[in-house]
Number of protein chains: 2
Amino acid sequence: MHNISNPRLQPPAEIDQSLSEIDTPALIVDLNAFERNLKTMANMVKEAHVTLRPHSKTHKSPWIGHKQKEYGAVGICCQKISEAEIMVAGGIEDILVSNQVVGAAKLDRLAVLNRDARVMVCVDHIDAIPEISTAAARQGISIDTLVEIEVGGSRCGVTPGKNALKLAQAIQDDPHLNFTGLQAYHGSAQHLRDHTDRQTAIEKAIQKTADTLQLMTANGLECEIIGGAGTGTFEMEAASGIYTELQAGSYIFMDADYAKNQCAHGRPFDTFEHALFIYASVMSKPDENRVVVDAGHKATSIDSGYPLPWHLSGSEITGMSDEHTVIDITRVNKKPTRGDKILLVPSHCDPTVNLHDWYIGVRGLQTDTAHVEHIWPVSARGALF
Amino acid sequence: MHNISNPRLQPPAEIDQSLSEIDTPALIVDLNAFERNLKTMANMVKEAHVTLRPHSKTHKSPWIGHKQKEYGAVGICCQKISEAEIMVAGGIEDILVSNQVVGAAKLDRLAVLNRDARVMVCVDHIDAIPEISTAAARQGISIDTLVEIEVGGSRCGVTPGKNALKLAQAIQDDPHLNFTGLQAYHGSAQHLRDHTDRQTAIEKAIQKTADTLQLMTANGLECEIIGGAGTGTFEMEAASGIYTELQAGSYIFMDADYAKNQCAHGRPFDTFEHALFIYASVMSKPDENRVVVDAGHKATSIDSGYPLPWHLSGSEITGMSDEHTVIDITRVNKKPTRGDKILLVPSHCDPTVNLHDWYIGVRGLQTDTAHVEHIWPVSARGALF
């Protein structure tokens, strides 16, 4: 490896700075809204008599994981072994890798983690079972293993019913694995805008899961966990009587894409508040009706569309490149000018968070006394494998 | 700041490993193709009697910057002060920040850098001039400053002609700034698919630049640098007799989006070879005709569409989420199976590179003896501000 330094980037803010002193682009957490979101979800899962295992792929922060546990979460989900390594290093001891893991190198790391914590994993193929078992045996531990069933997302997962049963039995029969339940997440249903469409999709998922659960029970297989659900549908899974653990992640930040969902009777989805923002400076104002801000593709993801300029009614993003976003302000009353700083609500929180090294936690964001109260590292940023 | 460790992520490979031993997802550089691209560009700019100041926003690596200098580049471009800091720390001494910089905090850092290196900057507004001057005065240095003119991209830049002249004169009159030339980059022209469309756009840009240059000269202002051009149009600016420095960046990697450009008479744009890949594993094969690989939005950007599965003729990406890509392989002859590793050509190299901490440099990628020869940090990954 060539010896050029790779310095850890410094945060764009200091504790106690006022909002306007924060350098840009920065990833801002509205602490007040964030805490209200945590509390709202805690109350909702308590009332529904289910547990919450929030997905840390959203936040990639052990600090936030611990905060979620303070609010009653039983543990967290991860999507990657490298994420789980950082979460275990941060003291989180109950993790579900809600995903398939292939390759001996990764499975050995999964097994090593199980010496320090409970780190569960999913399988959707019979060949995965001896692979995981071998890694577990090498470490002299056992691994809690779930069967992922395909409930409508057309991504991973074995077909529900008999094929899932075969996998569960093979896990149960393996000396180094413990059959722990079903992973039944319907990802693509989360962002269906219409409430009835989401309900129809999730009712089908619940039925497939219920049928598979019944088959397991009839064959003497106990499911400790029936897991799934995201921020768009969790109330439906919570009310199912089937799902035991909800895996929502985005609820803590509530991005602009989820805000486009509609609740029953066309009501807005305002259960949670926007708590995550990109702070950006107007770096150029080439004419009266166009500003260019200093945050582009490298600061905010666009897989779910452009971010939403906040409190800038009438504005329209007309273009984005790697380090620039062009905003048309023709119809904006109070037009920002060169040097002004604005907030953008990310369209999709998870890949946006993954672009940043630091959360800048601001107290009283919507007030005159907005100031930096916390600076948290995005510890698992870039944890890809 | 809460005291949870933020470990530097380890690379997904070791030196001398074979290709198939590299863990996934990984950012792979085909060293042979990369070196040929460097050489091709070096020859082309030499023949055109212009100089090359390649854009490091593509690669974010001082190591690659030095490699470009070995091949004749006069220096590099950066887009952000934090990028320039990392490049100067890596020993690059001639940098153009091809962008506006606002705010005293950033301008102070720009001035500090100028104690160790030549770090030029662009302006497109009269108010920027005293701001930069103040920062320069505080450090007791002078800063080489270019006027950015808007030549068709509708992003930043002052209008060409008289308005540009006013800025240049104000720079020239400032005791701490040196007027150094014009920044005249037409970003949106780079990706016009049709050669004639690109030519029409760039001819207009050249005309605006030439007119502004003439005005400068007539007013006794010397332009050391007339800079601009990207990988899609650099031959046109090179042949203009006006531009002195080309700022192409993507040529070293040649992404899938640039490969969609057509040259004259509809010929393919094959001047450069694909040299950057995402290596991914098949983590799930739910049925014969669908594989899911372990690289999603967090491993490859989609602002320019999906990546291109390499040597997987007939395949089609049907969906991507944060950590998954679903590929339909119905029409693929040699169907990959669970555990297989495949290569994807990123659609847009710059924001894809920015998602990774390490380049894995592979020698002989297209041969049976493909192996890891270099592991370079993506040193300025995440350098946002």
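In chain A, strand β6 (residues 143–148) and strand β7 (residues 177–183) pair in the parallel sense over six bridges. Within that pairing, T145(A) has F179(A) of β7(A) as its bridge partner. Strands here are DSSP E runs of at least two residues, helices are H or I runs of at least four, and both are numbered from the N terminus. Two strands count as paired if DSSP finds at least two bridges between them.

This is a predicted model, where local features need pLDDT of at least 70 and side-chain atom pairs count only at pLDDT 80 or more, while totals for chains, interfaces and linings use all residues. Residues are numbered from 1 along each chain as its sequence is written, chains are lettered from A in the order in which they are written, and side-chain values use heavy atoms, with hydrogens and water left out.

**The sheets**

Strands of a sheet pair through backbone hydrogen bonds, either parallel or antiparallel. In chain A, eight strands form an open sheet with parallel pairing, in the order β2-β9-β8-β7-β6-β5-β4-β3. Its edge strands are β2 (51–52) and β3 (76–78) of chain A, each pairing on one side only.

Chain B also holds an open sheet of eight strands, ordered β2-β9-β8-β7-β6-β5-β4-β3, with parallel pairing. At its edges stand β2 (51–52) and β3 (76–78) of chain B, each with a single partner strand, so one side of each is left without a neighbour in the sheet.

Strand β14 (residues 325–328) of chain B pairs in the antiparallel sense with β11 (residues 290–293) of chain B. Strand β13 (residues 316–320) of chain B pairs with β14(B) in the antiparallel sense as well. A hairpin of four residues joins β13(B) to β14(B).

| Strands | Sense and bridges | A bridge pair |
|---|---|---|
| β4 (residues 94–97) and β5 (residues 118–123) of chain B | parallel, four bridges | L96(B) and M120(B) |
| β11(B) and β14(B) | antiparallel, four bridges | R290(B) and D328(B) |
| β13(B) and β14(B) | antiparallel, four bridges | M320(B) and T325(B) |

**Aromatic rings**

Over all chains, the structure holds 18 aromatic pairs. The rings of F34(A) and F253(A) have centres 6.2 Å apart and planes at 25 degrees, so the pair is stacked. Rings of Phe, Tyr and Trp (its six-membered ring) pair if their centres lie within 6.5 Å; planes under 30 degrees apart count as stacked, over 60 as edge-to-face and the rest as tilted. This pair links distant parts of the chain, 219 residues apart: F34(A) sits in helix α1 (residues 31–47) of chain A, and F253(A) in the loop between β9 (245–246) and β10 (276–287) of chain A. Both F34(A) and F253(A) are buried, that is, under 20% relative accessible area with a 1.4 Å probe, protein chains only; exposed means over 50%, and partly exposed lies in between. F34(A), W63(A), F253(A), Y359(A) and W376(A) form one aromatic cluster.

**Where the chains meet**

Chain A gives 76 residues to the contact and chain B gives 77; contact means heavy atoms within 4.5 Å. The two chains bury about 6,300 Å² between them, 57% of it on carbon and sulfur atoms. Buried area is the accessible area (1.4 Å probe) that two parts lose on being put together, summed over both.

The rule finds 14 salt bridges across the interface of chain A and chain B. A salt bridge is a side-chain nitrogen of Lys or Arg within 4 Å of a carboxyl oxygen of Asp or Glu. One of them joins K106(A) to D294(B), the closest N and O atoms being 3.9 Å apart. The largest share of the side of chain A that touches chain B, five residues, comes from β10(A).
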